[in-house]
Amino acid sequence: MTDIAWIHAMLTSARPQAVGALLRYFRDLDTAEEAFQDACLRALKAWPLNGPPRDPAAWLIMVGRNVAIDAKRRERKQEPLPPDDVISNLEDAEVELAERLDGADYRDDVLRLLFICCHPELPPTQQIALALRIVSGLTVKQIARAFLVGESAMEQRITRAKSRVADADVPFEAPGPVERAERFAAVAAMIYLIFNEGYSASGGSARAPLCDEAIRLARLLLRLFQTEPEVMGLTALLLLQHARAAARFDAQGEVVLLDDQDRSLWNQGMIAEGLALIDKAMRHRRRGPYQVQAAIAALHARAATPQDTDWAQIDLLYAALEELQPSPVVTLNRAVAVAKLRGPEAALAMIEPLAPRLSGYFHFFGAKGALLLKLGRAEEARSAFGEAIALANTPAEAAHIRMHLDRLEKDCATQGSAKVAT
Amino acid sequence: MLYAILCYNPEDVVSSWSKEQHATVMSDLAMVREKLTKERRLGPVARLLPTTAATTLRKGRENLVIDGPFAETKEQLLGFYIVECQSLDAAIETAKELARANPGSGSYEIRPVAQLHQSSL
């Protein structure tokens with residue numbers, strides 16, 4: 001393992017703070033980013049020789065600032081840049097700067113950076129692309145691959161996002177507590193969006209690292225809002241869901257349902273962290289949608305086998321979620337618990353009224369088909385599965401429904417009773 | 001003599017390790033633990049969850065329970081080893097072995113143990 005790997009980890013982790021501070025100095029995202037890139041290049045040369053500095057972020061901010069200032073001067077005077085050792089010789093300055101970078105600046109700088117990414121004028125696709133580029137530091141190529149678009153298309157998307165942000169009014173003063181509260185909600189929503197992009201992808205695709213990035217961003221947000229139960233809830237939810245990653249797809253890349261997953265493949269470390277965060281959140285007695293969703297995920301994580309699942313408690317939690325954040329999707333998910341507790345008839349009665357609002361939603365028809373199958377209504381099940389396939393978002397989803405349909409065909413052909421995967 | 005080796009590392013750097021880095025460090029540390037076990041020198045070892053999972057009780061007239069670690073520091077306490085060593089120099093050597101397995105960033109605080117009580121776990 002080379003030094004470079006360690007330096008890369010330091011550069012990645014310093015990015016939010018460094019780019020945030022440089023943005024505060026220069027009030028321009030492109031300048032801040034270029035300054036950071038230049039500082040990183042110099043770090044990759046200097047740190048293997050001298051060892052990394054005690055405060056990598058402070059070093060990068062100092063160097064980045066000097067490089068950008070010198071570059072601007074050079075633009076005006078057409079002089080060549082001073083040599084590296086003049087810019088990067090920081091032994092004395094470093095201590096002074098590190099002392100000046102206190103916690104309050106860090107918090108606001110990072111928050112400002114995050115908020116820029118989820119600026120209300122940006123559509124979600126641009127928000128995600130911008131956040132992954134400037135906060136997570138993924139390359140344009142990596143982001144393009146994750147979203148199955150060409151590199152230049154992604155480059156354009158990011159450029160468009162940056163110019164929209166440049167035109168919009170970005171406040172550079174420190175946000176007050178009310179603003180901070182509003183912004184956190186937008187940032188949390190964006191992080192959840194990134195996670196879901198990764199979560200819904202089929203196994204082995206380039207999207208799975210998005211879940212890891214979302215969790216890193218959630219932990220970053222948690223460090224900014226140490227006492228916020230909803231941030232604890234969000235982080236816990238992502239950890240508990242991602243803990244199941246290794247079990248969610250089989251060797252052929254097909255979906256494995258929760259009931260059928262090999263639970264020994266679940267990541268116990270992530271589950272432990274998720275449960276610990278829920279414990280902390282609960283002490284605040286301030287219920288919120290992320291905490292409730294995390295609690296539901298926790299009930300699944302705690303069940304050693306599907307039969308051990310506390311469906312009654314899950315049903316109650318979904319009822320709470322329906323109150324906090326009513327949506328047909330929540331009711332649909334609740335119906336799964338209701339099916340376990342009161343049978344498929346009751347569950348079907350719950351979801352049928354949702355049809356007009358969920359007419360474009362893959363999971364609605366998948367669930368409907370599964371319930372009809374359980375009730376022995378094969379023809380209606382087949383028609384529901386047919387609609388599901390038409391709406392499938394990924395090959396894995398389509399393959400999963402096709403498996404139901406194939407089984408249906410086989411069972412109808414043999415006239416036997418259907419053996420159903422729940 | 002028993003020494004506690006307290007492991008400090010910037011946890012945002014640790015959480016930025018690639019999966020390969022993480023796997024390599026874990027397996028290299030495991031080898032150090034195996035060696036110490038063979039030498040019958042290894043006591044309790046713990047890896048802690050990140051400080052975002054920590055809660056602190058501040059003692060006082062009224063005990064105050066707050067979210068987060070005891071102190072906001074640049075490097076956080078991430079775990080510890082209790083090791084039997086002949087001398088301080090030997091303990092430092094052991095810390096160096098750990099540092100070779102887990103290079104890059106962070107510090108080890110080496111503090112002699114005054115008393116180790118029997119574990120009931």
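Where in chain B does B:Arg40 lie? B:Arg40 lies in the loop between α2 and β2 of chain B, with β2 covering residues 42–47. Before I go on: this is a predicted model.

Let me stay with B:Arg40 for a moment. Its phi is near 55°. That is a positive value, and the residue is not a glycine. Is B:Arg40 buried or exposed? B:Arg40 counts as exposed, because 7 C-beta neighbours fall inside 10 Å.

Now chain B as a whole. Chain B holds 3 helices and 6 strands. Start at the N terminus and read along: the order is β-α-α-β-β-β-β-α-β. The C-alpha trace spans about 45 × 40 × 25 Å along its principal axes. Of the 121 residues in chain B, 21% are buried. Next, the contacts in chain B with a separation of 6 or more. Residues 24 or more positions apart account for 76% of them.

On to chain A. In chain A there are 20 helices and 0 strands. The chain has 422 residues, and 40% of them are buried. Take the contacts between residues at least 6 apart in sequence. In chain A, 63% of those join residues at least 24 apart.

How do the two chains meet? The contact takes 21 residues from chain A and 21 residues from chain B. On the chain B side, α1 (11–14) and α2 (19–38) each supply at least two residues. By class, that side of chain B has 10 polar, 7 nonpolar and 4 charged residues.

Next, domains. Which domains does the assignment give for chain A? Domain 1 runs 3–101, and domain 2 runs 105–226. Domain 3 is written in two pieces, 229–248 and 262–303.

Look at domains 2 and 3 of chain A. Their C-alpha centres lie 22 Å apart. In the contact, 16 residues of domain 2 of chain A meet 11 residues of domain 3 of chain A. Which helices supply at least two residues each on the domain 2 side? They are α10 (177–199) and α11 (209–224) of chain A. The largest share of that side comes from α11(A), with 7 residues.

Now a helix pair in chain A: α17 (residues 344–351) and α18 (residues 362–374). Their axes come within 9 Å and cross at roughly 150°. Why call the pair roughly antiparallel? Angles over 145 degrees count as roughly antiparallel, so α17(A) and α18(A) get that label. The crossing of α17(A) and α18(A) is left-handed.

Which residues make this contact? From α17(A), they are A:Pro344, A:Ala347, A:Leu348 and A:Ile351. From α18(A), they are A:Phe364, A:Ala367, A:Lys368, A:Leu371 and A:Lys374. By class, this contact of α17(A) with α18(A) has 7 nonpolar residues, no polar ones and 2 charged.

Next stop, helix α7 of chain A, residues 124–134. How many of its 11 residues are buried? The count is 9, and the helix is mostly covered. Find these on your screen: A:Gln126, A:Gln127, A:Ile128, A:Ala129, A:Leu130, A:Ala131, A:Leu132, A:Arg133 and A:Ile134 are the buried ones in α7(A). Note that A:Arg133 is one of the buried residues.

Move along to helix α8 of chain A, residues 140–146. A:Gln142 lies in this helix. A:Gln142 counts as partly exposed, because it has 18 C-beta neighbours inside 10 Å. The cut-off for buried is 20 or more. Now find A:Glu75. A:Gln142 and A:Glu75 are 67 residues apart along the chain, and their C-alpha atoms are separated by 32 Å.

A:Leu148 is found in the loop between α8 and α9 (151–167) of chain A. What is phi of A:Leu148 near? The value is 55°, positive in a residue other than glycine. A:Leu148 counts as exposed, because 10 C-beta neighbours lie inside 10 Å.

To close, back to where I began. Like A:Leu148, with phi near 55°, B:Arg40 has a phi near 55°. A:Leu148 sits in a loop of chain A, and B:Arg40 in a loop of chain B. Thank you.

Notes: Residues numbered from 1 in each chain as written. Chains lettered and ligands numbered in written order. Predicted model: local features only at pLDDT ≥ 70, side-chain atom pairs only at ≥ 80, totals over all residues. Helix = DSSP H or I, 4+ residues; strand = E, 2+ residues; numbered from the N terminus. Buried ≥ 20, exposed ≤ 12 C-beta atoms within 10 Å, placed from the backbone. Contact = placed C-beta atoms within 7 Å. Domains from an automatic or database assignment. Nonpolar A, V, L, I, M, F, W, Y, C, P; charged D, E, K, R; others polar. Axes fitted to C-alpha atoms, helices over the stretch in contact; angles between N-to-C directions. Parallel < 35°, antiparallel > 145°, perpendicular 65-115°, else oblique. Left-handed = near helix turned anticlockwise from the far one by under 90°.
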